[in-house]
Amino acid sequence: MLPSLRKRLGVRMRSALAAGVVVVLASVVAGAILLVTARVILLDNVSTAAGDRTAQVTTALTARNAAALEMALRPSGAGRSLAQVVTRNGEVVGASDAIAGMPALSTLRPAAGRRLRETRDLSLTEGEPWRILATGVATPDGDRIVLVAESMDAVADSTEAIVTALLLGVPILAVVVGVATFLFVGRTLRPVEAMRRQAATITATNLHARLPLPEADDEIAALATTMNTMLDRIEASAAVQRRFVADASHELRSPLTTIRANADLLCAAHLDEKAGRSVARIRAESARMSRLVEDLLLLARVDDQRKPVRREDVDLDDLVFAERERVATEHPDLRVEGAVTPVRVTGDPDQLTRVVRNLVDNTVRHARERVTISLAARDGRGEIVVGNDGPPIPAADRDRIFDRFVRLDDSRSRDAGGAGLGLAIARDILTAHDGTLTVDNLTDGAAMRIRLPLSQE
């Protein structure tokens, strides 16, 4: 449960929740300590006040000063402090006016010079606790017990106020801290989000792009620097690979040309049947290798972003009509269908011709009786559809077929199938032209759909 919840909640929300929980726990612990400390202090104040009042009454009793005794017994603080003088038999011989005529406040009877303390509710109040201090005093008139009752209502009120403040303040504080943490973490993560957006745009075709560096020289800046250094290494490695492919392909063109030329000469010679078949195979394989080398060279050029795409007006309808005528001539057994309307785009005519030809060759290779090659303008884009009535492309393979050197199982024949570069080249070229190449399933068969932005006239 917790791992799945952690995946659904982002860093900002998890940080805000964690901060809120920490504030709640810290506030509860601090509140408990405050509550206990305040209660101890208030109770000590009550005990101190009771002791002072007891000292006043004891002094008056010892000195047999009636006026001082009357003054000491007088209630103080709106009746929050009361005093009585009783004998050991419990007879009240002096009391504050508020409790005159009432029995002894307590049954405590400490010996002279000793003190006892208890906390109880008195009958003169409802549910209000009092702290009673009983002190034994030896007087000329005999032993007396001085009972002083101090109200603990202030202790209860203060405790209740602290608890109420905690119950109301802690949730508000947790929410405020959580929201502040959410906002501050979001502000802190802005450079990370900028790095993420930039990293999402970096592909094999724009390895020169780099992640933005935040202004602050902190851990996020160090991460961005490290990732940019990694991109430098990747770009350098990719450049080395492209140069190797381009150089190797270029070096292979001359010997392959020589092999094909000699194979053509041998084919023209009158060789016996067995030697003729061998020469025919050599000629076919050398032609296949030449196509592969040309594809590799084209891929190297497409990957090299330092060479911009040539931009000029291209009439797509001319390209499409040329391919329809080629298919009709080379494959008279296939029926070519599809409407063609005039469409003009901006781009490299040679590369766009290569795209259309690759798709047509791939379509013809899998067609049974019919090939569709159509052209129209829709939503500000030129749209070419190249399809056939052959087997549909499985949904799981619709993206994989555009990977380099990938061929589906039904096209792996060395004679009929290509090297697996045609569709990859087509998509790379269209991407460089701000276009797209997708796969559509027809009612019977499959189709490739090209979309290119129209020329701005």
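How do strand β1 and β5 pair, and over how many bridges?

## Strands around β5

Strand β1 (residues 81–86) and β5 are paired in the antiparallel sense, over six bridges. Two strands count as paired if DSSP finds at least two bridges between them. Strands themselves are DSSP runs of E with at least two residues, while helices are runs of H or I with at least four residues, and both are numbered from the N terminus.

One of the facing pairs is Ile-132 with its bridge partner Ala-149 in β5. Two residues lie between β4 and β5, which form a hairpin. Strand β5 (residues 142–151) is mostly covered, since eight of its 10 residues are buried. Here buried means under 20% relative accessible area, exposed means over 50%, and partly exposed lies in between (1.4 Å probe, protein chains only).

## Basis of the description

The model is predicted: local features need pLDDT of at least 70, side-chain atom pairs count only at pLDDT 80 or more, and totals for chains, interfaces and linings use all residues. Residues are numbered from 1 along each chain as its sequence is written, and side-chain values use heavy atoms, with hydrogens and water left out.

## Thr-181 in helix α4

Helix α4 (residues 153–188) contains Thr-181. This residue is buried, at a relative accessible area of 17%. When neighbours within four places in sequence are left aside, Thr-181 is in contact (heavy atoms within 4.5 Å) with Ser-15, Ala-16 and Ala-19.

## Salt bridges within and between elements

A salt bridge is counted where a side-chain nitrogen of Lys or Arg lies within 4 Å of a carboxyl oxygen of Asp or Glu. By this rule there are 15 salt bridges. One of them joins the side chains of Glu-193 and Arg-196, at 2.7 Å from N to O. Both residues belong to helix α5 (residues 190–201) and are three residues apart, about one turn of the helix. Glu-193 is partly exposed, with a relative accessible area of 33%, and Arg-196 is also partly exposed, at 45%.

A salt bridge also connects Glu-383 with Arg-449, whose closest N and O atoms are 2.7 Å apart. Glu-383 lies in strand β10 (residues 381–388) and Arg-449 in strand β12 (residues 445–453), so the pair ties together parts that are 66 residues apart in sequence. Both Glu-383 and Arg-449 are buried.

The side chains of Asp-361 and Arg-326 meet in a salt bridge of 2.8 Å, N to O. This pair links distant parts of the chain, as Asp-361 is in helix α9 (residues 349–366) and Arg-326 is in helix α8 (residues 316–330), 35 residues apart. Asp-361 is partly exposed at 31% relative accessibility, whereas Arg-326 is buried at 15%. Through salt bridges that share partners, Glu-323, Arg-326, Glu-330, Arg-357 and Asp-361 are joined into one network.

Helix α8 has 15 residues, and from its first C-alpha to its last it reaches 21 Å, close to the expected 21 Å at 1.5 Å a residue. The expected span of a helix is 1.5 Å times one less than its number of residues. The buried residues of α8 include Leu-316, Asp-317, Leu-319 and Val-320, as well as Glu-323 and Arg-326 from the network.
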